[in-house]
Amino acid sequence: MSKKNKAGSMILGVAFVWFTTHFGGGFASGAQIYSYYVRYGIWSLFLPLFAMAYNGVFFAYCLYFARKHEVYDYRSYNNAFYGRFAPLFSNLFELLYLCVMCVAPAVAFATGGATLSTLTGLPYLLCTFLIGAFIFVVSVFGTDLVRKVASVLSICIIAGLLIVYVPNIIAGAGNIADTVSAMKAADLPFGKALYAAFVYGTFQLANVAVFVQHAKSFERPEDAGKSMALGTVLNALMMIMVVLGIMTVYQNPEMSRQSVPTLFMVQQGVGSKFMTPLISVLIILGAVSTAVNMVAAMVKRIHDGLAKRRGNTETPGKITRTQILAALVCCIADFLIAQFGLLTLIQKAYSILAYLAIPVILVPYVVHMAVTRFDTKK
């Protein structure tokens, strides 16, 4: 592979890492898209682009800084980024990410396990164990495998989404038009819709911890902007497609009671016998992809932190006991949390985490961008 093709492959690969991190069980099921966008009316047709562009700026800046300063685990990155304020903000970030690690992968375990159990008839406990085993194996093998898995999963997920949504959107075009008319008549306030999109995007900011390890793959720091621009377009288009799909059943009286809007759309739409198992597989893939990326980031942080204390004596590319133990502890903790099955309670934590991310990530990043002129000031 030529140097130019390799650079392009890495740019696309990291964009896919963002997509697979974002595309979790909540996205795949349509629950988050309905909660944060569709129920706020007609604004849901373009506010996903706002949220993803907002995320894209922050993620591009994160990856640019990590590549420029060669800090590839999130603790080292935070220490470099926050500078003299690192003793406070790096530790606050650790606490925030620990909360995220307890929430998002646990939701992934529970969502993936429940869906797999429904699809196969196997016990829920066994299904969450199988989901956890896959996440453990992939995350322990490191950044390169995570990026390759992300690329494969992204292609499978995108293809599956197109197969599920496009026919239903075409068949339900009349319902979408009726929904748009009803939303216009309802005249729902733009301010509430914008705030919901802001909260959604702000929760996602904690994913900077996931991305810094992948900055090493870029040829130049500037590649970060190209990668996140692709990621912005990809994520926004997929979100808007889900919005349109949910609009096909939005006015159905039973819609407000559905915990899995996408599954309800499929059951009410075309080819339900084929689409139902397919969307179930997509939900499982979405849950797994999010958890893999987050657990791998934690493994990278623990491994690199201990390696530095030991003097970097470990062989590059070798899987260490530290990596295995870190991945195992993360997976066991999330597996145990998932057994409570408190998905509604866990998902409510997303908004709380968004509020925590404002002082820890949002405000410091805006200040850093302004003071350093996007890290170009000498």
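User: How many aromatic pairs does a search of the whole structure find?
Analyst: The search, run over the whole of this predicted model, finds 25 aromatic pairs.

User: Take Phe 46 and Phe 190, then: what are the numbers for that pair?
Analyst: The ring centres of Phe 46 and Phe 190 are 6.4 Å apart with 25° between the planes, and the pair counts as stacked because planes under 30 degrees apart are put in that class.

User: Where do those two sit in the chain?
Analyst: They belong to distant parts of it, 144 residues apart, with Phe 46 in the loop between α3 and α4 and Phe 190 in helix α10.

User: And how much relative accessible area does Phe 46 have?
Analyst: Phe 46 has a relative accessible area of 40% and is therefore partly exposed, while Phe 190, at 33% relative accessibility, is also classed as partly exposed.

User: Switching to Phe 65 and Tyr 77, why is that pair edge-to-face?
Analyst: The planes of the two rings stand at 85°, with the centres 5.7 Å apart, and the pair is called edge-to-face because the angle is over 60 degrees. Phe 65 lies in helix α4 and Tyr 77 in helix α5, 12 residues apart.

User: Is Phe 65 buried or exposed?
Analyst: Phe 65 is buried, with 4% relative accessibility, and Tyr 77 is buried as well, at 1%; both fall in that class because buried means under 20%.

User: Which residues are closest to the centre of the largest cavity?
Analyst: Among the 16 residues lining the largest cavity, those closest to its centre are Thr 21, His 22, Gln 32, Thr 290 and Tyr 350. The helices α1, α2, α6, α10 and α14 each contribute at least two residues to that lining, which divides into seven nonpolar, nine polar and no charged residues.

User: What lines the second largest cavity?
Analyst: Its lining is made up of Gln 32, Tyr 36, Val 199, Tyr 200, Phe 203 and Tyr 350, and by class these are five nonpolar, one polar and no charged.

User: Which element gives the most to that lining?
Analyst: Helix α10 gives the most to the lining of the second largest cavity, with three residues, and α3 is the other element that supplies two or more.

Notes. Residues numbered from 1 in each chain as written. Predicted model: local features only at pLDDT ≥ 70, side-chain atom pairs only at ≥ 80, totals over all residues. Heavy atoms only, no water. 1 Å grid on protein atoms, 1.4 Å probe; cavity = no way out; pocket = protein on both sides within 12 Å on 5 of 7 lines; lining within 4 Å. Helix = DSSP H or I, 4+ residues; strand = E, 2+ residues; numbered from the N terminus. Nonpolar A, V, L, I, M, F, W, Y, C, P; charged D, E, K, R; others polar. Phe/Tyr/Trp six-rings, centres within 6.5 Å; stacked < 30°, edge-to-face > 60°. Buried < 20%, exposed > 50% of the residue type's maximum accessible area, 1.4 Å probe, protein only.
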